[in-house]
Amino acid sequence: IGGAYRFDGNDVITIPDSATLGNDGTWSELTVECWVNPASDQSRAVILNKNGESASTSGKYMMGFMRSGSGTPSNVVYFGVYTAISAYEEPSFSQIYDNIATKIPVGSWSHVVGTYEAGFGLKLYINGVLASEDSSVTGVIEPSIDEPLLLGYSSPVAGTSNRYFNG
């Protein structure tokens, strides 16, 4: 309260799993909220990831910055979840972003909120304004029991050093 964490491009906060973080496979809705102040242009950096034990670039739920290039500028925020409609369906990762509306400035605080609700889909708000949505995403969020929540980084697995947040 009354402070913030500073990530300098090689830091991670690992939060052990708990009942409030670790979905047991019954979650059909989720809200993730944070204040973000990038210190430099961000590309592929991860703000938070609930999938800390895998080298996968997609967490059970995660928020970060899109890979820049090929028409996507730096500092474009995304929010995504892995969902499956039934226990027999292979889970799939869905994410939302917009190259203009979810781009946040360097050196300024931005309030970023991602929501998911089965039947209503994914929504991403920047500073209180709906910036991107996909109402077609549905199903329960893939279970994430015994996986830590990582802040400022994608995964402790080798090969993901470009996913550290700086800000």
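User: How do you know which residues and atoms the values rest on?

Analyst: Residues are numbered from 1 along each chain as its sequence is written, and side-chain values use heavy atoms, with hydrogens and water left out. In this predicted model, local features need pLDDT of at least 70 and side-chain atom pairs count only at pLDDT 80 or more, while totals for chains, interfaces and linings use all residues.

User: What makes up the secondary structure of the protein?

Analyst: The protein has zero helices and eleven strands. Helices (H or I, at least four residues) and strands (E, at least two) are DSSP runs, numbered from the N terminus. Along the sequence the pattern reads β-β-β-β-β-β-β-β-β-β-β.

User: How does the radius of gyration of the protein stand against that of a compact globule?

Analyst: The radius of gyration is taken over C-alpha atoms, and the globule rule is 2.2 Å times the number of residues to the power 0.38. For 167 residues a compact globule would have a value near 15 Å; the protein has 15 Å, so the two agree. The C-alpha trace spans about 45 × 35 × 30 Å along its principal axes.

User: Which residues of β2 lie on its covered face and which on its uncovered one?

Analyst: The covered face carries L30, V32, C34 and V36, and the uncovered face carries E29, T31, E33 and W35. In a regular strand the side chains alternate between the two faces of the sheet.

User: Why is the pair of D17 and K50 called a salt bridge?

Analyst: The term requires a side-chain nitrogen of Lys or Arg within 4 Å of a carboxyl oxygen of Asp or Glu. The closest N and O atoms of D17 and K50 are 3.2 Å apart, and the pair therefore qualifies. D17 lies in the loop between β1 (13-15) and β2, and K50 in the loop between β3 (46-49) and β4 (61-65), so the pair ties together parts that are 33 residues apart in sequence.

User: Is D17 buried, exposed or partly exposed, and which of these is K50?

Analyst: Buried means under 20% relative accessible area, exposed over 50%, and partly exposed in between (1.4 Å probe, protein chains only). D17 has 25% and is therefore partly exposed, whereas K50 has 0% and is therefore buried. Of the 167 residues of the protein, 44% count as buried.

User: How many salt bridges are there, and which side chain meets K60 in one?

Analyst: The count comes to two. The side chains of K60 and E147 meet at 3.2 Å, N to O. K60 lies in the loop between β3 and β4 and E147 in the loop between β10 (140-141) and β11 (149-151), so the pair ties together parts that are 87 residues apart in sequence. Both K60 and E147 are buried.

User: Why is the aromatic pair of W27 and Y61 called stacked?

Analyst: Rings of Phe, Tyr and Trp (its six-membered ring) pair if their centres lie within 6.5 Å; planes under 30 degrees apart count as stacked, over 60 as edge-to-face and the rest as tilted. The structure holds five aromatic pairs. The centres of W27 and Y61 are 6.4 Å apart and their planes are at 25°, so the pair is stacked. Both W27 and Y61 are buried. Y153 and Y164 form another stacked pair, at 3.8 Å centre to centre and 10° between the planes.
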